[in-house]
Amino acid sequence: MPEGLATTHDAATHSALQHHFENMEQQREAGTLGMWVFLVTEIMFFGGMFLAYTLYRYKYPEAFATASNHLDIRLGAVNTVVLIFSSFTMAMAVFYTQLGKRRNSIVCLVMTIVLGLTFLGIKAVEYRDKYVDNLIPGQLIPGHPFHPEVAKPGEEANQHKLHLVPGATVRNVELFFWIYFAMTGMHALHMIIGVGLLTVMTILAVRGRFGPEYHSPIEISGLYWHFVDIVWIFLFPLLYLLGRHLEGHMG
Amino acid sequence: MEEFEIPKPPRVNYLNAEHGIKSWLLTKDHKRIAVLYLGGISFFFFIGSLYAMAIRLELLTPQGDLVQSSTYNKMFTQHGIIMVFFFLIPSIPATLGNFLVPMMIGAKDLAFPRINLLSWYIYIVGGAVTIYALLAGGVDTGWTFYVPYSTTFSNSYVVITGVGIFISGFSSILTGLNFIVTIHTMRAPGMTWYRLPLFIWSHYATSLIMILGTPVIAITLLLVAFERLAHIGIFDPAAGGDPVLFQHLFWFYSHPAVYIMVLPAMGVVSELIANFSRKNIFGYKFVAFSSLAIAVLGFLVWGHHMFVASQSVYAGMIFSFLSFAVAIPSAIKVFNWTATLYKSSISYDTPMLYALGFIGLFTIGGMTGLFLASLATDVHLSDTYFIVAHFHYIMVGGTLLAYLGGLHYWWPKISGRMYPEGWGRFSALIIFVGFNLTFSPQFVLGYMGMPRRYHTYPADLVSWQVLHVLSTAGASILGVGLLIPLVYLAWSLRYGRIAESNPWHLPGLEWQTSSPPPTENFITTPIVTQEAYEFVSPEHKQIVGRFERERPVEI
């Protein structure tokens, strides 16, 4: 199979041109602007939770430091690297599609999906750890209320026990975990949607739909993926890196 | 000059281009989707009015004799939820906006036709979920869902209602997204920003609010649901949470939401005033930028709903100042409309009657808002009927009137038929009288101290009962007045006079195609060479001083 896409369409009316647009350029512009506007709405959506986080971190810094220390920074860091790398493969997928290098673009799309699934898998491991340690807040899981074991002061570092920073209460730590699950959960939901979107794009790419003259769906999917990545880049330091220098940190 | 010929509807237009229910339910045509929305919002308006009737009937007598207080709580809650989320917010943008935005800019459709259809389905599903909640037993928290009542103590269907509203919010977001992209990327050749009709400017500003504000109510309702179902503690003081956080989040959307309700109405009024006085709008750029200013400033004033909610006095002062500021662009519009009317050629057709009604009633509503923006008077007036009257003057006296005016004005374009003008004017007058009789007593009641959301009041305050009786009488008249257009508009679909392409003889782009339009709106893409509302062609304009004056000149 030769590299690149042999176009079988007349340059004047591309088969993907929708009837209400004058030309492909207008369609591409509209689609891209549409995705940017949608991303703005997503910012506002996540913004409500960022507001809650900001307020309660300001009110209960010790509880937040305690809880943040308890999260597994290694898994979080790996996830961060995974996502940043997936943004790179996504950008390469767009690049290759623009050049008409179909096989390369499909490889990059598949790598992005695999990295996304890796992220979700690691997230699942983290969630399971929280479940095991009874750190699921409120009554989200009926029968498994928030009930972490609290380490006694001076006790050795134990990754299953909460090491309370002086001034923190368990109730406020629960508030952190609620915010943690809400934000990472919402983020994971968006990642799942993103993986689905990219799967569809991969299938279409395999069918030869995209090429130098028509690649805006890949570009637009890329915008979405980068946005999901950026949200994580905010979430990681805010959730995982608080108060690492304070007492009680696990080393 | 066109020769007079008996008008007949174009053989193929968007209404008869395809047949069958599937062609409607799977349509991508923005005009058909607008008609689908018209059906939906009319339905919800009717349901919301039933609740209003129940409220007014209860308040005829001081005792709580019609319904129990818990039922009454559900009546006003459901009246508010249905009217705000399922009528007012979608009303003008989803019906008139969907229909006209592509036509006014010379496009064949909106940027994303399938997303447009999806937005209608989302609206219907959200509405269905909410109706289910009503039928299952209803919700009694007030449309404002204040915590901790809504999260902890209410025994009503809070979560399901919240889900219904959450779902319908996405309809709003998608509509706004569609409008913004369409207006930016699909204007016809020659249609520069400053040639856009003011209807487009206001829908653009509305869309900005829709996309920025609606996600916040979405997350807020989600948080309420989590709190209620899983006892997370975000709004619970015992867990370290803050109930006032809910109010901030809620009003951060719900204040801009009222501008979602009124900005499109102002856009309609600009169209009606200019076209029915056959004169270019005075101060076009001022009106256009006022829409944007309202959209921006509208996001900065949410705290004026929380002056008595333990918000800091200093924050209150800032919000108060900004609330005064946001009144300014609205006032600028009113002045410009008035200046447009001055020395113009006014025809008192039904749409113009509604537009004139809007100017008066919106001004009253807006000015009474200033009493509420002032900290000291707001303390006295908070949670009284003064507030109820204030917002009904704007939402009913303003938005509803503009919606009806626009519906009548563009009815020939949408349906290909004229409505009966005599009945139109008659019902406009009835609505105006009924509306004022309903809500002006409520200003007095509120000033005198009658709290809102109460189903009883002291029996020894005879003056209160008199005012309530007047208000209920007015509501009955208003109800009758609103039923009449329902009847004659439906009647006109079959028996109305067939409309020609441009029955009002106006320069707007939407009038340069047939009534009803073909599916693709324009047979050939129009090329725009003139300003909006160009009633006097450029060669007849005379430069007087620094300004262009429209004056017929001897050639």
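Modeller: Gladly! Let's begin with B:P516, which sits in the loop between α15 (462–495) and β1 (541–544) of chain B. Keep in mind that this is a predicted model.

Biologist: What is the peptide bond from B:S515 to B:P516, cis or trans?

Modeller: Look at omega: here the value is near -10 degrees, and the bond is cis. A cis peptide bond also joins B:V147 and B:P148, with omega about 5 degrees. B:P148 belongs to the loop between α4 (113–136) and α5 (149–153) of chain B.

Biologist: Now phi. Which value does B:D383 have?

Modeller: Phi of B:D383 is near 60 degrees, positive although the residue is not glycine. You will find B:D383 in the loop between α12 (375–381) and α13 (385–415) of chain B. With 13 other C-beta atoms within 10 Å, B:D383 is partly exposed.

Biologist: And how do I read a pair of helices, say α3 (residues 69–105) and α6 (residues 158–185) of chain B?

Modeller: Start with the axes: they come within 11 Å and cross at roughly 20 degrees. Angles under 35 degrees count as roughly parallel, so α3(B) is roughly parallel to α6(B). Their crossing is left-handed.

Biologist: Which residues make the contact?

Modeller: Among them are B:F85, B:I89 and B:P93 of α3(B), and B:I165, B:S168 and B:F179 of α6(B). The contact residues divide into 13 nonpolar, seven polar and no charged.

Definitions and conventions
Residues are numbered from 1 along each chain as its sequence is written. Chains are lettered from A and ligands numbered from 1 in the order in which they are written. This is a predicted model: local features need pLDDT of at least 70, side-chain atom pairs count only at pLDDT 80 or more; totals for chains, interfaces and linings use all residues. Axes are lines fitted to C-alpha atoms, for helices over the stretch in contact, and angles run from 0 to 180 degrees between N-to-C directions. Helices (H or I, at least four residues) and strands (E, at least two) are DSSP runs, numbered from the N terminus. Angles under 35 degrees count as roughly parallel, over 145 as roughly antiparallel, 65 to 115 as roughly perpendicular and the rest as oblique. A crossing is left-handed if the near helix is turned anticlockwise from the far one by less than a right angle, and right-handed if clockwise. Two residues are in contact if their C-beta atoms, placed from the backbone, lie within 7 Å. Ala, Val, Leu, Ile, Met, Phe, Trp, Tyr, Cys and Pro count as nonpolar, Asp, Glu, Lys and Arg as charged, and the others, Gly among them, as polar. A residue is buried if 20 or more other C-beta atoms lie within 10 Å of its own, exposed if 12 or fewer, and partly exposed in between; C-beta atoms are placed from the backbone.
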